Structures are given as structure tokens and as C-alpha cells.
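Here is a short tour for anyone who likes to look at a fold with the model open alongside.

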Amino acid sequence: MSLPDEDAQANVLEMDQVTLAFDGVTAVDGVSFHVAAGELFAIIGPNGAGKTSIFNVLSGVYRPQKGSVRFLGDEIVGKRPHKIAAMGIARTFQNIELFGHLSVVENLMLGRHNHMRYGALAAFAWVGRARREELANRAAVEEVIDFLELEQWRGLPVGLLPYGVQKRVELGRALAMEPKVLLLDEPVAGMNVEETEDMARFVLDVRDELGIAMVMVEHDMGLVMDLADRVMVLDFGKPIRTGTPAEVQQDPNVVRAYLGEAHQTVGGVA
Ligand SMILES: Nc1ncnc2c1ncn2[C@@H]1O[C@H](COP(=O)(O)OP(=O)(O)OP(=O)(O)O)[C@@H](O)[C@H]1O
């Protein structure tokens, strides 16, 4: 029997000995890690280390040749991406994947589609349960707008918004799904200092106020070391160290992997 505080620490995600290869290239090589409830877990590594491939395994885009991934105890390897998303794993993308001609509200409503049991026609007819469902979806979207401070842009086409706000809307689309785990693929890539600070604040709010566990792939080392609870460092598809930011930064193998590949200092500026 487990103690209550152990339950509170339960893992939401467990990757176990996952291997994924493409025509002789082993992109992910026997990778294992877990993410605890409410944890912000970062994956870092030089270009080509296998970070995106791990995200694609977690979201069902790639099926690994070996290993398992359990989400709240259920095996998800072999499940289709839409099924995994509906189970509660949402993701944002490295390159923004929004509908530029649709408004902020409309894009966020699309994030709700896994909560809609009635088709567009029923919603249009505005009857009975479809109407109640529509109202509930709108209320959920309003909460996201409030949470991410998107009010001033709500009716504008997303394509016209500043880049940093578009990335925030993408985070909002994922949050509108009410996920249990959020996969953040380079959330601050291409952002200026102010936009990066805003995004960092929202990511922390997602963890601390909403309690959603996150897996974040990010090249901005300063951000990773500031925000993450734990970090896994990948090199050529293999984890070379998993630990707290302080532990990882002091590991000579980690420093070597970065100096060798990317001429970066871990935890410092590129
Ligand atoms: N669809 C694919 N077909 C063939 N090889 C692939 C494919 N996807 C990834 N790879 C290879 O797998 C390895 C890991 O790539 P991956 O994109 O996962 O790395 P990454 O750490 O995300 O890199 P980056 O930081 O540049 O985004 C690389 O050698 C890459 O060329």
C-alpha cells in the first residue's frame, strides 16, 4: 500500500528503454525517464541529439521499435496521435501551428474540439445539450484568455499578432484542451528578451497555478536552468545525465558534450 504523499508524487509519464531508429540512424537509444505530477522536466542536447524524436514518440507521431511509454499507468505506444491528445497529452510546436486568418478565440475553440461530442451542425442549431456544451467550451476558452492575458487580442486574426503573442496563443490552444501533461517544443525560440520573460512567467504559472506537468525541449540554457525542476541531457540519442539543473551543470560529461558540439557553456550564454 502506498502512502498518501507517495501518491502525490505519482508519475504522470514514464518512458522506459525506448529505441527509435530511421534507416540505420538511431535517433533515440534506450531512453528512460519519468515525469512526476506537477513537474517541469526539460530535455536538452546538441542539434540532432533526439529531442524532437522523443516528443514525436510521446505524442504518437513515431512508433518506437523498442520500449514503452506509460501515461498515468496506461501504455500509449501504438496509439494514434489524436487518441493520445484526447487522453490528456497536449503539445505546442517549434513552428507555430495556428490558423492565421482565424481570431484568437476561434483558434482556442479549435483546441476544445476533443471536448465536443456534438457536431458543428448541432452547435449551429443551438439546441439542448449542444448549446450547453458550446457554452461550457466558451467558458473554458475565456479562462485561458484570462490566464494568458490575451484579452486585448481576442478578436484579431492570429496572423497579424506579434510573434511572441502568437506563441502564447499556441500555448493557449494546448491549455484549452485541459491537458494533464503539456509538451513544450522550444517555447521561446525566436523570441526577444521581453517575450521570453513573459513566456517564462506563463510557463511557471501553468505549473504552479494549474499544476500541469510539462516536458520542455528548449535551446535557451538560461531559461532551462531557471525554470526546470529536473533536466535530462541527451547526446547522440542517449541520456548522459538526468538531475536538477545544478547537478547537470556540474557534470563534466555534459560540459564536454556541449563544448564539443555547440561551443556553449551549459547554463550560460551561447
Ligand atoms: N523522419 C526522420 N527520418 C530520418 N532521420 C530522422 C528523422 N527524424 C529525425 N531523424 C534523425 O534522428 C536524429 C535525431 O533528430 P531529432 O530531430 O530528434 O534531434 P533534435 O535533438 O530534436 O535536434 P534539433 O535540436 O536540431 O531539433 C538526427 O540524426 C536526425 O537526422
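## Around the ligand

Helix 2 gives the largest share of the shell around the ligand, with three residues. Please keep in mind that this is a predicted model. Helix 2 spans residues 51-58, and both this helix and strand 2 (25-36) supply at least two residues each to the shell around the ligand.

Which residues surround the ligand? They are F22, V25, A27, G45, N47, G48, A49, G50, K51, T52 and S53. Sorted by class, the shell around the ligand holds six polar residues, four nonpolar ones and one charged one.

Stepping back, the protein is divided into domain 1, made of 11-88 + 180-270, and domain 2, covering 95-178. Where the two touch, domain 1 brings ten residues to the contact and domain 2 brings nine residues.

On the side of domain 1 that touches domain 2, helix 3 (81-87) and helix 8 each supply at least two residues. Helix 8 provides the largest share of that side, four residues. By class, the side of domain 1 that touches domain 2 has seven nonpolar residues, two charged ones and one polar one.

## Helix 7 beside helix 8

How do the axes of helix 7 and helix 8 cross? Helix 7 covers residues 163-176 and helix 8 covers residues 193-208; their axes come within 10 Å and cross at roughly 15 degrees. Angles under 35 degrees count as roughly parallel, and helix 7 and helix 8 are therefore roughly parallel to each other. The crossing in which helix 7 passes helix 8 is right-handed.

The contact of helix 7 with helix 8 has four charged residues, three nonpolar ones and one polar one.

Key: Residues are numbered from 1 along each chain as its sequence is written. This is a predicted model: local features need pLDDT of at least 70, side-chain atom pairs count only at pLDDT 80 or more; totals for chains, interfaces and linings use all residues. Axes are lines fitted to C-alpha atoms, for helices over the stretch in contact, and angles run from 0 to 180 degrees between N-to-C directions. Angles under 35 degrees count as roughly parallel, over 145 as roughly antiparallel, 65 to 115 as roughly perpendicular and the rest as oblique. A crossing is left-handed if the near helix is turned anticlockwise from the far one by less than a right angle, and right-handed if clockwise. Ala, Val, Leu, Ile, Met, Phe, Trp, Tyr, Cys and Pro count as nonpolar, Asp, Glu, Lys and Arg as charged, and the others, Gly among them, as polar. A residue is near a molecule or strand if its C-beta atom, placed from the backbone, lies within 6 Å of it. Domain bounds come from an automatic or database domain assignment. Two residues are in contact if their C-beta atoms, placed from the backbone, lie within 7 Å.
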